[in-house]
Amino acid sequence: MAREQLQVLNALDVAKTQWYHFTAIIIAGMGFFTDAYDLFCISLVTKLLGRLYYHVDGAAKPGTLPPNVSAAVNGVALFGTLAGQLFFGWLGDKMGRKRVYGMTLMLMVICSVASGLSFGSSPKAVMSTLCFFRFWLGFGIGGDYPLSATIMSEYANKKTRGAFIAAVFAMQGFGILAGGLFAIIVSTAFKAKFSAPAYEVDAIASTVPQADYVWRIILMVGALPAALTYYSRTKMPETARYTALVAKNAKKAASDMSKVLQVDIEAEPQKVEEVAKAYGLFSKEFVRRHGVHLFGTASTWFLLDIAFYSQNLFQKDIFSAIGWIPPAKTMNAIDEVYKIAKAQTLIALCSTVPGYWFTVAFIDRMGRFAIQLMGFFFMTVFMFALAFPYDHWTRKDNRIGFVVMYSLTFFFANFGPNATTFVVPAEIFPARFRSTCHGISAASGKAGAIVGAFGFLYLAQSKDKAKADAGYPAGIGVKNALLVLGGINLLGFVFTFMVPESKGKSLEEMSGENEDNNEQANASV
């Protein structure tokens, strides 16, 4: 038999949408804006780093980052993010969401600035310091995933909880868009001030010394939005669900939420003491109750991020392959940054951002399960539609069609599993494990991102070794790499059936925290 819910939690569940909901979305969302900007802006400047630090005199093509350096620069933040998701997810359940929230943001601000100040007298030294700071930047970003999702889910009401959590995540789209737009502004300003010939005209003069400031400015600006919301984060009250259900302080929970909701809420200390705590995270009972769900959220996020990050981090290579970005030798260094940023911004504007907000609009109507299933289905369809007739899409007359199809895979990733895999783990686990389980699911996603980022770098190389990028072994080609990604999306569709629907249900109903102690004890026998 279900226990009567605490008054303070019921008040949150039935509260009408109020200003504090939007305040929480902005405060948490600006963290995700920064996360996306910082993670994806590196793909805008990797070609420039190659020209600046790995130029080879007399070479027919501009310098490029060696395979191991490129993999490290692109992927090291992902390793940091994975570690941060696990560590801060666990810490959020131990110390409280609010106490840990400010730490992650400050780490992001410091490391964003430090990334742009990467120093050294040799290319190896500059890349090493850049990788060092980007790892710790990723560590801070990782903490933002479980904490932002958990805080928003615990503040939201039942009716619009999915939209609120998805809106926080949707700020990623604006972060990616802002990264592209800012890179366009910076590169345009530098092009106007420091004109340079194309590489094929004058290899040395094509990369002006001032180009070294371009990538540093782009990376450092990521600190601004995070810094602007630091004070607001420190002033947010701890969530009532953590205070009441984990810290067992009913009086504080009622007092905090009375101020937030502007209603009188009775403290119910006797009910808090009755809340069951019959099993731990690594117990058989947890596996019985939530094991399949945790495997479902972790596996679908893992599979999604293989496809999502391999597309996003390396879309500049796909654009080059189909001729949307001219051959590197026909451009100077700053012009190449401009062209890559313009292509990435167009994709973000036309597919990435709209996809996120379609999820916000429909998640509490269609449900999480339906949107995730639909997203994986269409990602599979469009990926195979790109892959099978790949030679057709590379012809000049068909390149716009390729970009449209490619954009649709992004649209259905974001109006689909990229949003729902973030939302669901924040809703279906008990309060005392919520941040940890979200961190585990998110870390599984980042493991997939690492596979996508590193694997695609090698897989997408031409099957002809002579046509592969300098230093890379022959790969399976872009066509076969797209086929592999289509198969991975299909697996995501299948594993979605392990994830429960949480639309319209309270967090305690989903997690089983409203059950009697006797009922839990009997269930565990």
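Colleague: What should I know before we start?

Modeller: This is a predicted model, so local features need pLDDT of at least 70 and side-chain atom pairs count only at pLDDT 80 or more, while totals for chains, interfaces and linings use all residues. Residues are numbered from 1 along each chain as its sequence is written, and side-chain values use heavy atoms, with hydrogens and water left out.

Colleague: Why is the pair F32 and F422 called edge-to-face?

Modeller: Rings of Phe, Tyr and Trp (its six-membered ring) pair if their centres lie within 6.5 Å; planes under 30 degrees apart are stacked, over 60 edge-to-face, the rest tilted. The F32 and F422 centres are 5.0 Å apart with planes at 75°, so edge-to-face it is. F32 sits in helix α2 and F422 in helix α19, 390 residues apart; helices here are DSSP runs (H or I, at least four residues), numbered from the N terminus.

Colleague: What makes F32 count as buried?

Modeller: Buried means under 20% relative accessible area, exposed over 50%, and partly exposed in between (1.4 Å probe, protein chains only). F32 has 0%, so buried. F422 is also at 0%, hence buried.

Colleague: And W136 with F139, why is that pair edge-to-face?

Modeller: Their centres are 5.2 Å apart and the planes stand at 75°, so the pair is edge-to-face. W136, at 34%, is partly exposed, whereas F139, at 13%, counts as buried. The two are 3 residues apart in helix α6, which means about one helical turn separates them.

Colleague: How do you know that D13 and R241 form a salt bridge?

Modeller: The term asks for a side-chain nitrogen of Lys or Arg within 4 Å of a carboxyl oxygen of Asp or Glu. For D13 and R241 the closest N and O atoms are 2.9 Å apart, and the pair is a salt bridge. D13 lies in helix α1 and R241 in helix α10, 228 residues apart. Both ends are buried: D13 at 5%, R241 at 0%.

Colleague: What makes E154 and R434 a pair that ties parts together?

Modeller: Their closest N and O atoms are 2.6 Å apart, in a salt bridge. E154 lies in helix α6 and R434 in helix α20, so the tied parts are 280 residues apart in sequence.

Colleague: How do you know that R233 lies over the face of Y101?

Modeller: A charge sits over a ring if NZ of Lys or CZ of Arg is within 6 Å of the ring centre and within 35 degrees of the ring normal. R233 is at 3.7 Å from the ring centre of Y101 and lies over its face.
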